[in-house]
Structure formats: C-alpha cells, structure tokens
Amino acid sequence: MSGHSKFANIKHKKEKNDAAKGKIFTRLGKELMVAVKEGGPDPNNNSKLRDVIAKAKSNNMPNDTIDRSIKKAAGDANAANFTAITYEGYGPNGTAIIVETLTDNKNRTASNVRNAFTKGGGNVGTPGCVSFMFDTKGQILINKEECNMDSDELMMLALDAGADDFNDEDEDAFEILTNPDDCGTVREALEKAGLKLDQAEVTMIPQTWVELTDPADIKQMNRILDLLDDDDDVQAVYHNWDMPDEE
C-alpha cells in the first residue's frame, strides 16, 4: 500500500476532529441517543450501546458526559429522531467516497453532501455505486509503543476471541479485523486482557487504494473531506485515497 499507514491517518483525523473541530462529542452524542432509542439505556442488555460507549471512551469523552447523554436519550421522549442515510460518490480521479449521516432533516443533509462533492470537483452517485469497493469490517487498532504483548501473543489472543485477521506490518500499529458482529466481543476480550485500544469500531475498508499525484486533485479531495467534516449531520466518511503519511 505504498507505505500507507492506517494508524497515522486515523490519528491525524482524530486530532483534527478533536482539536480543530471539536465536533466528535456531538457526533458520539447522536450515536448514543440512537443506540438508547433502539435498544434501551442499559449497556448490559444493549450491545450496540456498549460499542458506542467504548468508541466514546477511546475518543476521550468523559464518563459523566456519556452518562448524561444516555439519561437524556432515555428520558426525553421528544428528543429528535435521527435517520441514518448513506451517500456514495466520486472524488477527483475516480476516488470512491462513502458518507454516513444521522439527520433530522433529510433535505438539508442531501443538499449539504451534494454541495461538498460539487465544490471539490466530485459528484454524488447512486446507492451502491462505490460500496462494492469496500469491505465492512470491525477494525481494532493498538499502538505498538503502548502494547505490553508481543505480536504472536496478541495475535493468538485476538484469534481466540473471534478475530478474522491480524496484521503487524504497519510500523505504528497492530491491526485486528473482525466480522462486524464480532467487533464488540473481540474488543471486550482485549480490554479484559488489559490492552489499551486506539480504535475499535465497524468501518469500511477499501479493497484497493487510489493515489493522487496532481496537486489540484489533492486540493480538491481535501476540500470535499473538509466540507464533509464541517457538516454536523455527517458521522463518518470513508474513502480509498491513499493519503500521504504525515511527518
């Protein structure tokens, strides 16, 4: 993957969201609300809520903020009902982009997403136009510097817990892939073993990556991603651009 570092890109993305945008807690609050409405406020009986709580903690969301969000969702029957809508489209040079949203206004969200693609020289396509280029997987990332297990021990632990694949080729992180339904189970087994996880969530992983060499294409792609990142309705963006590693 031409030196592509999943960990570096995710770390950069998280820092950008947390520090510069400050919107990650708002997005997690929405996910918590949806999980509570779908399965109730008790994480012991709601695996989706358990997974969102773990995701919130990995993004340094304070426990009291998590608890408040859950209580608010459980106690407020008039809280906004969010609808999950996924958009697919193309960026510069045929890059594939998938946008997951949670919205209480479908027209606003559709307009904003379309606008982001257009301003970056891309276009929104029909449902399914690029999702076949991605695999839906549970992805767990562990910082190698913070891991107290060696590679073989960690691999056996992960596989015994139900993981599908283990990768230690990235210089910064161990990557564990699971069936989407098994991500929570594997995460809990690793946490029980005392491991600190940098990410544990269901994601869309490209089957192949696209390099952008034209500076104009790179600028346009960044414009699409920045506009989507600024949109409060957007929960996650997946793409197959092989971003250059940040130094």
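At what angle do the axes of helix α5 (residues 106–119) and helix α8 (residues 215–230) cross? In this predicted model, local features need pLDDT of at least 70 and side-chain atom pairs count only at pLDDT 80 or more, whereas totals for chains, interfaces and linings use all residues. Residues are numbered from 1 along each chain as its sequence is written, and side-chain values use heavy atoms, with hydrogens and water left out.

The two axes, lines fitted to C-alpha atoms over the stretch in contact, come within 8 Å and cross at roughly 160°, on a scale from 0 to 180 degrees between N-to-C directions. Helix α5 is therefore roughly antiparallel to α8, a term applied to angles over 145 degrees. The contact (heavy atoms within 4.5 Å) involves Val113, Ala116, Phe117 and Lys119 of α5, together with Gln220, Arg223, Ile224, Leu227 and Leu228 of α8. By class, these residues comprise six nonpolar, one polar and two charged; Ala, Val, Leu, Ile, Met, Phe, Trp, Tyr, Cys and Pro count as nonpolar, Asp, Glu, Lys and Arg as charged, and the others as polar.

Leucine 228 touches Arg27, Ile97, Val99, Val113, Ala116, Val234 and Val237, residues up to four places away in sequence not being counted.

Terms used. Helix = DSSP H or I, 4+ residues; strand = E, 2+ residues; numbered from the N terminus. Parallel < 35°, antiparallel > 145°, perpendicular 65-115°, else oblique.
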